[in-house]
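This briefing covers the surroundings of the ligand, the overall fold, the sheet and the helices packed on it. The sequence and structure come first.

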Amino acid sequence: MKRVIIATQNKGKAKDFETLLTPLGYEVLTLRDVAEDMDVEETGVTFEENAIIKAEAVSEALQIPVIADDSGLEIDALGGEPGVYSARYAGGEKSDEANIDKVLAKLDGVMEDERTARFRCVLAVAAPNKKTITVSGTCEGNILSERRGENGFGYDPIFYVPTLGKTLAELSPEEKAAVSHRGNAIRNLKDALPEWLDNAE
Ligand SMILES: O=c1nc[nH]c2c1ncn2[C@H]1C[C@H](O)[C@@H](COP(=O)(O)OP(=O)(O)OP(=O)(O)O)O1
Ligand SMILES: [Mg+2]
């Protein structure tokens, strides 16, 4: 099996990538497997900038091809917040629970039809001596006023997908992969992958 390195510390993302990439014949490794102590500072102001920063830092340090994912939730009623700050929205230690609580508090009193939002994912692929490329994907939905479902990670329990009548946390990994921002981004990248990861044995 060919290996692919995902430059992430996020276990939930890593699982999403396993669901997406195993059927394509790739074994997924993350920073936990190859560079556990690497924590790249996300100094960009867009998903694209941060994805490139993460991918290039890890690729340069290890001299191998890597994919990085920068993603987050854009809530229309909050002017696109939390956006690139999704992981650190509640401040302090990264906490999915605190982040959800902050979103729910900010949306208190906002009517159902004004709770539109989308997840956005930008993937950057970097490799030694190649020009980094990026692809993106989105997933449209609504923010519920309480959590539903036990699967997934991050904001999944409050992100409702109207076309499925469920939150992302109520979907199986395969069902989430079929509709998610990350799935859509990977589907945009799929054809380019073999060429990028050839020397990723
Ligand atoms: O499918 C998703 N389902 C639920 N929540 C999600 C999803 N995708 C991104 N998110 C949220 C989680 C985190 O609050 C932020 C990503 O932040 P982001 O900097 O890209 O990732 P991270 O810091 O957790 O890990 P890393 O930078 O090591 O890849 O958006
Ligand atoms: Mg991050």
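The shell around ligand 1 contains 6 nonpolar, 10 polar and 6 charged residues. The model is a predicted one.

**Ligand shell**
- Ligand 1 is surrounded by 22 residues, and the closest are T8, N10, S86, A87 and G154.
- Strand β3, residues 66-75, gives the most to this shell, with 5 residues.

**Overall fold**
- The protein has 7 helices and 7 strands.
- Their order along the sequence is β-α-β-α-α-β-α-β-β-β-β-α-α-α.
- The radius of gyration is 17 Å, close to the 17 Å that the globule rule gives for 201 residues, so the protein is as compact as a globular protein of that length.
- The C-alpha trace spans about 50 × 30 × 25 Å along its principal axes.
- Of the 201 residues, 41% are buried.
- Among contacts with a separation of 6 or more, 57% are between residues 24 or more positions apart.

**The sheet**
- The 7 strands form an open sheet with mixed pairing, in the order β2-β1-β3-β4-β5-β6-β7.
- At the edges stand β2 (26-30) and β7 (166-167); each has a single partner strand, so one side of each is left without a neighbour in the sheet.
- Strands β3 and β4 run antiparallel and are joined by 10 bridges.
- Within this pairing, V66 stands opposite A126 in β4, and I75 stands opposite A117 in β4.
- Strands β4 and β5 also run antiparallel, with 10 bridges between them.
- The bridge partner of A124 in β5 is T134.
- The hairpin of β4 and β5 has 6 residues between the strands, and N129 takes a positive phi near 65 degrees there.
- Strand β4 is mostly covered, with 9 of its 11 residues buried.

- In α6, residues 181-189, the buried residues are H181, R182, G183, N184, A185 and I186.
- The cover over these buried residues includes α1 (11-21), β3, β4 (116-126), β5 (133-143) and α5 (173-179).

**L73 in strand β3**
- L73 lies in strand β3, the strand that gives the most residues to the shell around ligand 1.
- Why does L73 count as buried? L73 has 28 other C-beta atoms within 10 Å, and a residue is buried if 20 or more lie within that distance.
- Leaving aside residues up to four places away in sequence, L73 touches P82, S86, A117, F119 and Y155. Of these, S86 is also listed with the closest residues around ligand 1, and A117 is the residue in β4 that I75 stands opposite.
- L73 and N129 are 56 residues apart along the chain, and their C-alpha atoms are separated by 33 Å.

Notes
Residues numbered from 1 in each chain as written. Chains lettered and ligands numbered in written order. Predicted model: local features only at pLDDT ≥ 70, side-chain atom pairs only at ≥ 80, totals over all residues. Helix = DSSP H or I, 4+ residues; strand = E, 2+ residues; numbered from the N terminus. Rg over C-alpha atoms; globule rule 2.2 N^0.38 Å. Buried ≥ 20, exposed ≤ 12 C-beta atoms within 10 Å, placed from the backbone. Contact = placed C-beta atoms within 7 Å. Near = placed C-beta within 6 Å. Nonpolar A, V, L, I, M, F, W, Y, C, P; charged D, E, K, R; others polar. Pairing = 2+ DSSP bridges.
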